[in-house]
Amino acid sequence: MLSLIINSIGNFYNTGIKISNIIATILAILVFHKSFYFVIGMFFTRKFKPAKKKHKYGILIAARNEKYVIGNLIDSIKKQDYPSDLYTIFVVADNCTDNTAEIARKKGAIVYERFDDIHKTKGYALEFLVNNIKKDYGIETFEGYFVFDADNLLKSNYISKMNDAFDEGCKIITSYRNTKNFDENWVASTYALHWIRSIRVNHRARSILRLATNIQGTGFLFTNEVIKNGWHYTSLTEDRALTADAVAQGYQITYQDEAEFYDEQPTNIKIALRQRLRWSKGHLQAFVESGPYLFINIFFGKKFLKVNWKKGKKHEKKKRTFKEFMLDVIESIRHRFASFDTLSQLTPISFINLCRWLLFSVLIYGCYAYSNGFDVNLFQGGTYLAKFLREITNIRIVYSPGVNALLVGMLITIWFRILYRIAMYFSNMLMAIYLFIVEDARIKKIKFWKKLLFIFTWPTFDIIGRYTTYAAVFMNVTWKPIPHESKITIDDISNNEVE
């Protein structure tokens with residue numbers, strides 16, 4: 001009976017391969033445009049003219065036990081070349097057991113203290129802060145709102161540069177994310193390179209194409225209309241939820257390359273794993289919550305036809321000029337593609353590929369081998385590593401049909417996957433080399449041997465992300481704060497740049 005079941009599954013192998021290839025093609029379509037982004041980002045980014053008007057901003061900071069860094073952030077804000085009467089610093093001291101609130105008040109921030117140990121995420125803290133601003137000041141008192149983490153430091157022209165983009169009509173803007181502890185250890189360096197990679201392969205191209213790049217937790221600005229009905233992004237990754245919702249509603253999310261800030265990266269692998277697991281779970285939540293909406297937008301887009309109302313009766317659609325019509329068409333195409341692009345970011349492609357591989361390449365192939373046996377090269381595959389190994393040796397694995405073929409067939413498939421991942425590991429090092437070259441002027445000066453170490457360890461960032469995604473599908477993940485203890489100030493960074 002068992003043999004009959006195995007043979008039946010094995011007989012499905014050829015059909016299964018076709019289904020697997022169809023799935024692979026669909027997933028490839030989701031990311032095909034990323035190579036164009038990379039090329040565009042190599043050479044171009046959106047530029048903004050100096051603003052004609054200086055706008056008024058509220059600065060939102062969520063802080064939980066951040067006594068070591070909150071003062072340095074506020075100091076860097078106070079040193080902006082932007083008029084101090086046009087921005088107000090708001091801090092939510094979220095479930096703090098230290099003197100974060102006291103430090104922030106002494107530095108001149110308006111502080112609200114929140115105590116709610118059930119709703120723990122940063123999103124809930126921002127919701128609390130926005131609700132208090134709405135009650136005490138009114139959302140429209142400020143034209144736009146910045147969001148920063150307590151460990152951030154701003155370059156002196158940061159707000160001015162973001163104001164240039166805001167004045168040009170951009171409603172959601174992110175900025176250049178640098179790292180103040182880049183060279184502290186290899187864990188911090190992987191994060192630092194990841195943020196710079198995002199700039200080069202995502203933000204720059206999307207800003208040029210007037211699409212929507214992704215918000216990444218901190219260092220961004222949005223118009224007050226985004227939160228006119230409050231802040232409602234309270235999931236494990238409020239940035240992903242905000243991005244998906246904004247794109248679904250038709251907002252562009254642009255990038256200002258000249259606005260630069262610094263943040264502190266984790267240096268402890270245990271803390272890094274905990275954070276990456278939270279990110280992965282939050283991304284999955286955003287996919288479930290906003291994925292269907294984005295998918296619908298791809299095919300149906302937004303309706304741009306204006307309707308006049310008079311005396312309770314609906315009038316005919318307002319007649320538009322040809323120029324207005326074409327602008328509507330272009331905007332519809334832009335919105336549909338931005339929805340597609342954001343959906344591709346949220347789709348858990350790595351998990352889908354894992355399921356595809358386990359089902360078709362391990363289970364069904366193993367059953368196929370049980371029925372037919374197999375004869376394969378030990379270094380089978382299309383990577384440069386596999387091709388090289390086949391050139392220098394020709395080791396074949398041959399098994400006749402039977403139980404051994406089933407078991408070894410599964411094992412050899414797993415080996416092929418490992419060989420592929422090893423090849424990808426070394427190929428991905430090229431990205432780190434590229435980033436060190438093109439961003440040399442903005443990356444902290446690092447000793448050569450450390451650069452080599454960081455190049456070698458860089459691919460672990462994506463490896464960790466892949467496996468935390470697998471785990472997040474099945475785990476119940478809760479939010480926990482990331483400790484920040486760096487004493488680096490914006491003056492320290494500025495002095496090092498001068499040297």
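In the predicted model, Glu 225 is partly exposed, with a relative accessible area of 28%. Its side chain meets that of Lys 171 in a salt bridge, with an N to O separation of 3.4 Å. Lys 171 is located in the loop between helix 7 (158-167) and strand 6 (172-179), whereas Glu 225 belongs to the loop between strand 7 (220-223) and helix 9 (238-248), so the pair ties together parts of the chain that are 54 residues apart in sequence. Lys 171 is likewise partly exposed, at a relative accessible area of 36%. Both values fall between the limits of 20% for buried and 50% for exposed residues, and the two side chains are therefore classed as intermediate.

The salt bridge between Lys 171 and Glu 225 belongs to a total of 26 in the structure. Side chains of opposite charge can pair when their charged atoms come close. A further example is provided by Asp 94 and Arg 114, whose side chains meet at 2.5 Å, N to O. Asp 94 and Arg 114 are both buried. Salt bridges also link Lys 155, Arg 204, Asp 257, Glu 260 and Arg 442 into a network.

A salt bridge is also formed by Asp 263 and Arg 177, in which the closest N and O atoms are 2.6 Å apart. Distant parts of the chain are linked by this pair, as Asp 263 lies in strand 8 (residues 254-263) and Arg 177 in strand 6, 86 residues apart. Asp 263 is buried, with a relative accessible area of 2%. Arg 177 has a relative accessible area of 9% and is buried as well.

The side chain of Arg 177 reaches the backbone oxygen of Gln 216 at 2.6 Å, and a polar contact of 2.6 Å joins it to the side chain of Asp 263. When neighbours within four places in sequence are set aside, the residues in contact with Arg 177 are Trp 195, Ile 199, Gln 216, Thr 218, Phe 261 and Asp 263. Of these, Phe 261 in strand 8 is also the bridge partner of Arg 177.

Strands of a sheet pair through backbone hydrogen bonds, either parallel or antiparallel. Strand 6 and strand 7 run antiparallel and are joined by 3 bridges; Thr 174 has Phe 220 of strand 7 as its bridge partner. With strand 8, strand 6 pairs in the parallel sense over 7 bridges. Ile 173 stands opposite Thr 254 of strand 8.

These pairings form part of an open sheet of 8 strands, arranged in the order 3-2-1-4-7-6-8-5 with mixed pairing.

Ile 74 is situated in helix 4 (residues 70-78) and is buried, with a relative accessible area of 0%. Apart from neighbours within four places in sequence, Ile 74 is in contact with Ile 89, Ala 104, Lys 107 and Ala 109. Ile 74 and Thr 468 are separated by 394 residues in sequence and by 34 Å in space, C-alpha to C-alpha. Ile 22, found in helix 2 (residues 13-31), has a relative accessibility of 53% and counts as exposed. The C-alpha atoms of Ile 22 and Gln 252 are 32 Å apart, and the two residues are 230 residues apart in sequence.

Terms used. Residues are numbered from 1 along each chain as its sequence is written. This is a predicted model: local features need pLDDT of at least 70, side-chain atom pairs count only at pLDDT 80 or more; totals for chains, interfaces and linings use all residues. Side-chain values use heavy atoms; hydrogens and water are left out. A salt bridge is a side-chain nitrogen of Lys or Arg within 4 Å of a carboxyl oxygen of Asp or Glu. Buried means under 20% relative accessible area, exposed over 50%, partly exposed in between (1.4 Å probe, protein chains only). Helices (H or I, at least four residues) and strands (E, at least two) are DSSP runs, numbered from the N terminus. Two strands pair if DSSP finds at least two bridges between them. A polar contact is a pair of N or O atoms within 3.5 Å; within protein, one must be able to donate a hydrogen and the other to accept it, and residues adjacent in sequence count only if both atoms are side-chain atoms. Contact means heavy atoms within 4.5 Å.
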